[in-house]
Amino acid sequence: MQKIIINIFLFFLLSNCGYTPILMKNTQNFDIQIESVEGDKLINNFIVSQLNRNKNDQSENKFDISINTIYKKIINSKDATGTTASYQLNATTELNIKKKDIYQKIIITEKFIMDKNENAFNENSYERSIKQTFASSIVRKIISKLSLMK
């Protein structure tokens, strides 16, 4: 029982609350409109919320973005008894970006190998944090691509 309480406490302690230091704030000047979102809901929700933080409605740089994320959890290895030992997590995000008359299609792929955990709650929590890390990485790549499209 005590182990479960400690795990829950650590999960809430280590979860990202959305805090970003003032000096680390993105100073990009974009007006990002999300047209459509398809695929994995959790990763897409993280992506959309982080893109909305970088949004500036008064900006001259207006982008229309469609997001399609495909998430797969594939068995990577098995032990001698045939039970799963690790998984490979793949997230592929396809972005269709439109700025005035310019259309660009970007595909971003993130991969991670995760060891199987005997405790399903811990494994799901860890997988959720990996999805959040995938989304943060994807957003950084989107912002850099948008900066180049100015």
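View 1. A crossover is called right-handed if, with the strands pointing away from the viewer, the path from the first strand over the helix to the second runs clockwise. Here, in a predicted model, strand β1 (residues 31–39), helix α2 (residues 41–53) and strand β2 (residues 62–78) make a β-α-β unit that is left-handed. Helices (H or I, at least four residues) and strands (E, at least two) are DSSP runs, numbered from the N terminus.

**View 2. Where β1 meets β2.** These two strands pair in the parallel sense, over eight bridges; pairing asks that DSSP find at least two bridges between two strands. Look for Gly-39, which stands opposite Thr-69 of β2.

**View 3. Lys-98 with Asp-64.** The side chains of Lys-98 and Asp-64 form one, at 3.9 Å from N to O. Because Lys-98 belongs to strand β3 (residues 84–99) and Asp-64 to strand β2, the pair ties together parts 34 residues apart in sequence. Lys-98 is partly exposed, at 28% relative accessible area, and Asp-64 is partly exposed too, at 21%. (Buried means under 20% relative accessible area, exposed over 50%, and partly exposed in between, with a 1.4 Å probe and protein chains only.)

**View 4. Lys-73 with Glu-127.** A salt bridge of 3.0 Å, N to O, joins the side chains of Lys-73 and Glu-127. It links distant parts of the chain, with Lys-73 in strand β2 and Glu-127 in helix α3 (residues 120–148), 54 residues apart. Lys-73 is partly exposed, with a relative accessible area of 33%, whereas Glu-127 counts as buried at 10%.

View 5. The closest N and O atoms of Glu-94 and Lys-105 are 3.6 Å apart, in another salt bridge. Glu-94 lies in strand β3 and Lys-105 in strand β4 (residues 102–115), so this pair ties together parts 11 residues apart in sequence. Glu-94 is partly exposed at 26% relative accessibility, while Lys-105 is exposed at 53%. Elsewhere, salt bridges that share partners join Lys-73, Glu-123 and Glu-127 into one network. A search of the whole structure finds seven salt bridges.

**Notes for all views.** Residues are numbered from 1 along each chain as its sequence is written, and side-chain values use heavy atoms, leaving out hydrogens and water. In this predicted model, local features need pLDDT of at least 70 and side-chain atom pairs count only at pLDDT 80 or more, while totals for chains, interfaces and linings use all residues.

Definitions and conventions
Salt bridge = Lys/Arg side-chain N within 4 Å of Asp/Glu carboxyl O.
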